Amino acid sequence: MDYNALAELLFPQIQTTPAEIEAKYPPRNLPEGAKVTRMAPSPTGFMHLGNLFSAIVDERLAHQSNGVLCLRIEDTDLKRSVEGGVQTIIRVFHEYELGFDEGATADGESGAYGPYYQRQRAEIYQTFAKWLVQQGKAYPCFCSEEELNAIREKQTALKENIGYYGKYAVYRDASFEQIKEKIDAGERFVLRFRSEGNPEKRMKVNDLVKGTVEFPENEQDLVLLKSDGIPTYHFAHVVDDHLMQTTHVVRGEEWLATLPFHVQLFQAMGWKLPKYVHTSQLMKMDGGSKRKLSKRKDPELALDFYKQTGYCVPAVKEYIMTLLNSNFEDWRLANPTADLNEFKFTTQKMSASGSLFDIDKLNDVSKNVISRMSVDQVYSHLTSWAEQFDPEFHKLLTRDPAYTRSILAIGRGGKKPRKDLATWSDAKPYMDFFFDELFQPDYSYPENVTEADKQTILTRYLDLYDPADDNAQWFDRIKALADEIGYASNMKDYKKNPEAFRGNVGDVSMVIRVAVTGRQNSPDMYEVMGILGKEKVAERLKKALA
RNA sequence: GGCCUGUUCGUCAAGUGGUUAAGACACCGCCCUUUCACGGCGGGUUCACGGGUUCGAAUCCCGUACAGGUCACCA
């Protein structure tokens, strides 16, 4: 077989040579040890936790080593392309502060190692494909979908391995004349790799997460170029990551199974293998068993969910970091205020087993993140979230910024800050009673307080509250009121001898609390009243009395 | 079904032949406390199972079970 003639027959339009292309991708000028990674999503516009998961690995690996992070768009499958998908991807990564150094941008692309859209690289792939044909390492296959299905059915019936290999690789040894006839007749073909692999033999690859993994050699003649001349993922991966000089390929472990083929391809091309980082899958508990997070069943898979619910970006990143590197939590405990990027991320600390996504843990991380924020930060995050997702609330929050800030300042700062908010959507139920528009009191008073006592407490307190009091004076007044009506002002006395009192100062406080806030739980009443002001407090007391 | 990967408290996990098998989340109890939140203290048959190797195994080896992944002209 004259492979050169075959190559010309198959790719008459390709006149560039591999060397010409290689020349356009000179070595990168990077410091010693710098890593080049890439995020390579399909432009579906759907961004999920898994994307973020591996993006963070890519980003850390690259930027921690003064390397390069690129964004390459894998648009080889038209079915997976959505209008505006690329913009969504870029926007979301931007929100998560994952900056790309080169690759696709909102309005095109930048960087010297492009094009970064795979569809625009068709000629590049075809050039290397043609070269493979010349080397006798690839050949055209004219099988229809029906024929392929028939092969598969036969193999299933015979319990043989499924696929295009050995005697099932019907076009592997087609003659030049047979091929020419098909081409002349205008038949479309896919280009298949001519595998020399022997499944009896085993091969080893090192993965930075999984360690050394061992496989039988690949014997399948897999598709390199689809009938439209666009490469499959496999071929695009090998060509692109070689040319772009990716040093670390980070991807989900669902790719582990095709790794033998990728290794084989790199060898066939005579190229150096990148390092592989196969990340384990995010799982979720469903009933009694673990399963992969699913787009259809689990809203929390979509990154949009976090935005809508009002999780803040650093919290989500922190949480993912705890899953990614098991020593991150210890580091965070030791460095509570340090920037996330100061943490030294390593692939060695990545878990080989799949982690269960735990929203409780996320909430906890998130509460910590928010509790460490300043009032200004909280105000700014909360209002911008509300502006988009709860405009009515936003109006209230921004009507009097100083007022809102003083609410947000309760219990903030200091060694033991309050942790009331895990998400911005928690804010409204937490602080709604501060706004008359949202005030829907539930006047459930302590059961041991009689209606008459309640009336007395509220009526008396109407005269007692003085905003000028300090915290101790403020509480002394309540204690005095308790004494006055036969309630214990001292808890210890009360506990010693409960029968001697009608109740205790806690009950008195609770009556006031319920009247003022319309609920039994609230932050510190002294601060709450201070913020509401004398007039509003009086108004609330009267409303409760009525 | 073939191939691959994984399995340490409910969850995330530390662990590299000798540890009372860390820590965090969740849960329960107690303490602190005028409520809540915070904080403190305490709690739970945790090394999938069965064999080896070894003075000694969560750790090494071999099986088994279970879970997940993969077997497209999708990525």
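**A helix in its setting**

Author: In chain A, 72% of the contacts with a separation of 6 or more join residues 24 or more positions apart, a contact meaning heavy atoms within 4.5 Å. This is a predicted model, in which local features need pLDDT of at least 70 and side-chain atom pairs count only at pLDDT 80 or more, while totals for chains, interfaces and linings use all residues. Residues are numbered from 1 along each chain as its sequence is written, chains are lettered from A and ligands numbered from 1 in the order in which they are written, and side-chain values use heavy atoms, with hydrogens and water left out.

Chain A contains 22 helices and 16 strands; these are DSSP runs numbered from the N terminus, helices being H or I with at least four residues and strands E with at least two. The C-alpha trace spans about 110 × 50 × 40 Å along its principal axes. The radius of gyration of chain A is 33 Å, whereas a compact globule of 546 residues would have one near 24 Å; the radius is taken over C-alpha atoms, and the globule rule is 2.2 Å times the number of residues to the power 0.38. Of the 546 residues, 50% count as buried, that is, under 20% relative accessible area, with exposed over 50% and partly exposed in between (1.4 Å probe, protein chains only).

How many residues of α21 are buried? The number is 11 of the 13, so the helix is largely enclosed by the rest of the structure. Among the buried residues are V505, V508, V511, I512, V514 and V516, and the charged residues D507 and R513 are also in this set. The cover over the buried residues includes the helices α18 (451-464), α19 (471-484), α20 (491-496) and α22 (525-545), together with the strands β15 (487-488) and β16 (503-504).

K395, in helix α15 (residues 391-399), counts as exposed because its relative accessibility is 53%. Y3, in helix α1 (residues 3-10), is partly exposed at 27%. Y3 touches V133, Q134, Q135, G136 and R194, not counting residues up to four places away in sequence.
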